[in-house]
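Student: I would like to go through this model with you. Please show it, and we will start from a single residue.

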Amino acid sequence: MTDIRNIVVLTGAGVSAESGVATFRGPGGLWEGHRVEDVCTPEALARDPALVHRFYDERRANLARVEPNAAHRALARLDAEWPGEFLLVTQNVDDLHERAGSKRLLHMHGELRSALCAACGERTPHAGALSPGTRCDRCGAPELRPDIVFFGEMPYGMDAIDAAIARADLFVSIGTSGAVYPAAGFVRTARYHGAGTLELNLERSEGSGWFADSRLGPAGTLVPDWVDSLLG
């Protein structure tokens with residue numbers, strides 16, 4: 001492990017599932033009983049803003065009933081103790097990484113506890129319910145919406161992510177399906193730049209074949225063991 005200096009970690013729904021957070025794609029392609037197309041597209045927001053706002057209000061409220069698990073805590077320890085460059089990129093919109101103590105963190109798909117002004121692009125912390133027509137404090141437009149990257153929208157921080165992967169000596173994917181792009185393509189970018197690649201997942205993902213090493217099991221077991229071995 002002495003040749004590893006810079007690390008990029010990608011986490012997905014499998015990390016938070018052990019805390020009781022619903023995975024994005026449930027049985028039948030549903031998310032908490034809703035079709036993804038009905039709650040996570042710009043068209044859905046335009047068609048039924050009340051439904052979309054209510055859906056994310058419920059997800060936001062649910063955060064009070066879940067806690068970080070051993071995988072979140074292990075990644076926070078790695079963040080705190082790793083001397084080289086480190087970036088934790090998460091597809092999750094919950095705040096469990098932050099609550100575990102992670103600092104070098106980027107939410108590429110947005111955050112439940114944030115609101116986005118569709119008019120001016122301002123992003124502001126928001127912990128409570130968010131009603132359609134709420135006005136933006138910056139520009140005054142009644143355009144605040146959940147700060148979630150809908151299908152068809154550009155994820156946050158792609159330039160920073162690409163730059164970090166280009167410098168990485170090790171890319172690790174944890175608890176992801178390998179089905180959602182652009183995150184599913186990060187492993188190929190890492191391989192192109194010569195980084196080592198490791199997958200920690202409950203079962204083989206759609207992209208498992210791209211990883212040099214895949215370890216299967218619960219994130220709450222695999223991640224602490226990997227972090228312990230890495231930090232020695």
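Student: Which residues does V172 touch, not counting residues up to four places away in sequence?
Tutor: This is a predicted model, where local features need pLDDT of at least 70, side-chain atom pairs count only at pLDDT 80 or more, and totals for chains, interfaces and linings use all residues. Residues are numbered from 1 along each chain as its sequence is written, and side-chain values use heavy atoms, with hydrogens and water left out. Contact means heavy atoms within 4.5 Å. On that basis V172 touches V8, V9, L10, L198, L200 and W226.

Student: Is V172 buried or exposed?
Tutor: Buried means under 20% relative accessible area, exposed over 50%, partly exposed in between (1.4 Å probe, protein chains only). V172 has a relative accessible area of 0%, so V172 is buried.

Student: Which residue stands opposite V172?
Tutor: V172 lies in β9; strands are DSSP runs of E, at least two residues, and helices are runs of H or I, at least four, numbered from the N terminus. Two strands pair if DSSP finds at least two bridges between them. β1 (residues 7-11) and β9 (residues 170-174) pair in the parallel sense over five bridges. The residue opposite V172 is V9.

Student: What is the strand order of the open sheet?
Tutor: Six strands form the sheet, with parallel pairing. Its edge strands, β5 (105-107) and β11 (213-216), each pair on one side only. The order is β5-β4-β1-β9-β10-β11.
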